[in-house]
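Visitor: Could you guide me through this model, one place at a time?

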Amino acid sequence: MSRGGSQDAVVVEGLVKRFGGNTALDGVDLAVPEGTVLGLLGPNGAGKTTVVRILSTLLQADGGRATVAGLDVATQADQVRGVIGLTGQYAAVDEYLTGVENLEMVGRLYRLGKKEARSRAVDLLDRFDLSDAARRPAKTYSGGMRRRLDIAASLIARPRVLFLDEPTTGLDPRSRLGMWEFIADLVSDGTTILLTTQYLEEADRLADAMVVIDRGRVIARGTADELKAQVGGERLELTVGSVPELARATEELRSLALDEPRSDEQTRRLTLPVSGGAATLAEALRRLEQAGVTLLDVGLRRPDLDDVFLTLTGRPAEDAAPSGDGASTPARTEETVR
Amino acid sequence: MSALTNTVSDSLVITRRNLIKVKRVPDLIVFATLSPIMFVLLFRYVFGGAINLPDGITYAEFLLPGIFAQTVVFGSTTTGASIAEDLQKGLIDRFRSLPMSRSAVLIGRTVADLGLNAISIVVMALTGLLVGWRINSSVPEAIGGFLILLVFAFAVSWMMALVGLLVRTPEVVNNASFIVIFPLTFVANTFVPLESFPSVLRTFAEWNPVSTVVQAARNLFGNQPDSVPVADAWSLQNPVLYTLIWAAVILAVFVPLAVRAYLGTAKR
């Protein structure tokens, strides 16, 4: 990477990890500049969690190297553990301990004094809206509360680098929004964060830069805007009155599309990558009117990260299996913003 | 702070955490002590009349050291299930990402289970006193009797810790350990005198460390009157020494193996 090495809180070079005959990571490079958020994106099984587990010293890599805050995760694992916080995929809280006991325990294990651990625990519970539940066993917490307690636990020693592995998976939309606010607050405090997620909207909201991995390799990187620009063009999106009309509309408009149109029978929505802006929109409307297709909604929009994902990996972000319904653009090789 | 004081203080934090669970879920301790009480009563009153003992000893005095040993050995199996549960819930990952001592999670677990076993023994001893068990030795000897039971159970806990780390499913740990522990505690002098065993089984039972823990406890509690002979096997003639050797060997083998397994838990 061209960014200055000393300013990067996390540096990963050529990371390789194999599980038996299965290569989980096949030469991953990435860097997270100090005080920024990197979104590590990819479908299930892409290798996101493996990266996090190597960086947090839980796993040892088979090749390549990685440093966190300038410390080598393989040879200086003990020191690395002192400067990181980890929030794994499941909320790792002890359900029999109260909120405050959970945080105190982790604080003590980070070698904070008793008083210090207690006062930071109380502060964090307050900040994560858990003060009222501080003296209740975590067993009684909702999923969102457990996640917040889990993140609070990983913050108790004020880590320089925080790893968040799918922090909102399994949360309802309201809790997810709340969690985004908490994470955004952390960022404004200057914490460096590496965040994995399957939710593109989440990465768009929180991350300064993104790395997209698939099958253990980096397939794209850049800011959200850069990734969207990389995909290019605009998206013509329209909703028709019935399923037969969806097929008809697809046929009528296919010649306007730059790439294979994507249709969804459930929402009766058709999405086409196009160029030419308003003129293309007018042409599409003319053709559909001639064909007698009922239009419920129509619009032009910039590509979003879902489009990026689909274009890069040939499948939607939240679906590990290749999709068969016309979204079969072959995966491209890496187009880096170096 | 030195590495040793770090290990001690981290282990205390983890021990405390494990004991809080006992406080919050009193059912745990209730059931942990109810089953030995049930065993005491069942064996004392149901089987007691059918088991032939030489003159000079009552079945209650014969039985209680056996029940103590069986209960603490079974109590140690909870170590495996608890560790498997921590693994499943992601707590081991969290602990491993902290700058804490590498052995503290296992030490804290086995020490907490030692505490649970101590509580069980107290409850059983009180029940035993009610059904006719007596300590016929000196106070230091009696304390020695309780200690050897706990030392052996502590060693078994470390074996179970390794099982829990390798098997990873609490229910499977429970079933697997039951298959091993149940015969070990029954093919022994726990409930019936060894004289009644067929010869091959009898040799196994004589050298089974569960038998020697029981024998050591009987000797130390004064539940082995001189009028009642003990088998000639060296193990049973020197039960305290033989048991301590077993405990030392188990710890020497399983502590390093369990710590290594703990460090390698993140396979996926």
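Visitor: In which strand of chain A is the place of T197(A)?
Guide: This is a predicted model, in which local features need pLDDT of at least 70, side-chain atom pairs count only at pLDDT 80 or more, and totals for chains, interfaces and linings use all residues. Residues are numbered from 1 along each chain as its sequence is written, chains are lettered from A and ligands numbered from 1 in the order in which they are written, and side-chain values use heavy atoms, with hydrogens and water left out. With strands taken as DSSP runs (E, at least two residues) and helices as runs of H or I of at least four, numbered from the N terminus, T197(A) belongs to residues 192-197, which form strand β8.

Visitor: Is T197(A) buried or exposed?
Guide: Buried means under 20% relative accessible area, exposed over 50%, and partly exposed in between, using a 1.4 Å probe and protein chains only. Because its relative accessibility is 1%, T197(A) counts as buried.

Visitor: Which backbone nitrogen does the side chain of T197(A) reach?
Guide: A polar contact is a pair of N or O atoms within 3.5 Å; within protein, one must be able to donate a hydrogen and the other to accept it, and residues adjacent in sequence count only if both atoms are side-chain atoms. At 2.8 Å, the side chain of T197(A) reaches the backbone nitrogen of Y199(A).

Visitor: How does L257(B) count in terms of accessibility?
Guide: L257(B) lies in helix α11 of chain B, which covers residues 239-263. Since its relative accessibility is 35%, L257(B) counts as partly exposed.
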